[in-house]
Amino acid sequence: MTKTMREALSQQAPLWPIALSRILIGLLWLGTLRWKLPPDFAPASGRGLLDWLLLEAQHPAFGFYGSFVESVVIPNFTLFAWLIFLSELGVGLLLVTGTWTRLAGSLGLLMSLNLGIGLLEVPGEWPWSYMMMAMWHGLFVVSAAGRVLGIDAWLRRRFPEGAPWLAFT
């Protein structure tokens, strides 16, 4: 490795822009809840969660995925709707507050990839948006984005270094 490359890799950027991005992505997750609110998980007008799941089943990028949505998710819609709603609510709140950011980033990464795979072939969808979301969540995981402008910073100061839940911060 050359000296220039070592110097470039050792440079540190300010973390507040990543923290601000973490908060905005958290607000994005919370904002998406408005069209999948319980008890029916449908908005007053427009497409709701069930409509999007039907589109995933009708336009699968991978046969096994479409079959799973059609034969398991849709028949058990209420269960999966609650799981989706609570997952997005949890990830959104954790990212906005900067709490357990590595856990929230990991879950958000998996959720974004799932959305990307499910909506890859749906007409009018731009799957790269989900890949960008996945990229942001990966950045939050590796940068421990909650340690700036987040509760994770307080948790790391408050509890001893070996505390098991600090692995999520």
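This is a predicted model: local features need pLDDT of at least 70, side-chain atom pairs count only at pLDDT 80 or more; totals for chains, interfaces and linings use all residues.
I kept to residue numbers that run from 1 along each chain as its sequence is written, and to heavy atoms for side-chain values, with hydrogens and water left out. Local features need pLDDT of at least 70 and side-chain atom pairs pLDDT 80 or more, while totals for chains, interfaces and linings use all residues.

**Salt bridge.** I searched the whole structure for salt bridges (a side-chain nitrogen of Lys or Arg within 4 Å of a carboxyl oxygen of Asp or Glu) and found one. Lys36 pairs with Glu88, with 2.6 Å between the closest N and O atoms. I noted that this links distant parts of the chain, 52 residues apart: Lys36 is in the loop between α2 (16-32) and α3 (49-58), and Glu88 is in helix α5 (residues 77-97); helices here are DSSP runs of H or I, at least four residues, numbered from the N terminus. Both Lys36 and Glu88 are buried, meaning under 20% relative accessible area with a 1.4 Å probe and protein chains only, where exposed is over 50% and partly exposed lies in between.

**Rings.** I then looked up aromatic pairs (Phe, Tyr or six-membered Trp rings with centres within 6.5 Å; planes under 30 degrees apart are stacked, over 60 edge-to-face, the rest tilted), and the count is ten. Phe41, Phe77, Trp82 and Phe85 form one aromatic cluster.

**Charge over ring.** Lys36 returned here: its charged end sits over the ring of Trp35, 3.9 Å from the centre, the rule being NZ of Lys or CZ of Arg within 6 Å of the ring centre and within 35 degrees of the ring normal.

Definitions and conventions: Helices (H or I, at least four residues) and strands (E, at least two) are DSSP runs, numbered from the N terminus.
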